[in-house]
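Please read the following account alongside the sequence and the 3D view. It begins with the sheet and then turns to one residue in a loop.

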Amino acid sequence: MGRLSTHVLDTAHGRPAAGMGFALFRQEANGEARGETSGEASRWTLLAEGATNADGRTDAPLLQGAAFRAGRHRLVFQVAAYFRAQGVALPDPPFLDEVTLEFGMAEGGHHHVPLLVSPFGYTTYRGS
């Protein structure tokens, strides 16, 4: 059984990024998601969306059990909206509006995708 979790740290303020909006997608092969076909090689299907809790995490794993499948996934974080809500004056347009992380997951195991972010940079890695 596999599971996916995330954690966001606000490196500009040195604290968890509480209330950061996110969306999780899975890449589906042509027609896989709904049994249909089209001219596209693949598409992204929304699996979950929400906001991080006071600890910069989600209250439950993003995927686990039967919902967990190996393949390509995408996490999109609403960085500019988060920093604006923190009272940070951002340029228009902001340097980072959304941060999109695309990653692959093999069968089983715990996949943890942390995001360390400021208004002008970010880093990520496969955590544990």
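An open sheet is built from 4 strands in the order β4-β3-β6-β7, with antiparallel pairing. Strands here are DSSP runs (E, at least two residues), numbered from the N terminus, and two strands pair if DSSP finds at least two bridges between them. The edges of the sheet are β4 and β7 (99–105), each pairing on one side only. From one strand to the next, the twist averages 25°, an angle between the N-to-C directions of lines fitted to C-alpha atoms, on a scale from 0 to 180 degrees.

The model is predicted: local features need pLDDT of at least 70 and side-chain atom pairs count only at pLDDT 80 or more, while totals for chains, interfaces and linings use all residues. Residues are numbered from 1 along each chain as its sequence is written, and side-chain values use heavy atoms, with hydrogens and water left out.

Strand β3 (residues 21–29) pairs with β4 in the antiparallel sense over 9 bridges. Ala23 has Glu49 as its bridge partner in β4.

The loop between β4 (42–51) and β5 (63–64) holds Thr58. Why does Thr58 count as buried? Its relative accessibility is 16%, and buried means under 20% relative accessible area (1.4 Å probe, protein chains only).

Leaving out residues up to four places away in sequence, Thr58 touches Thr6, Phe22 and Asn53; contact means heavy atoms within 4.5 Å. Phe22 lies 36 residues from Thr58 along the chain, and their C-alpha atoms are separated by 10.0 Å. The side chain of Thr58 also reaches the backbone oxygen of Ala60, at 2.7 Å.

Technical notes:
Buried < 20%, exposed > 50% of the residue type's maximum accessible area, 1.4 Å probe, protein only. Polar contact = N/O pair within 3.5 Å; in protein donor to acceptor, adjacent residues only side chain to side chain.
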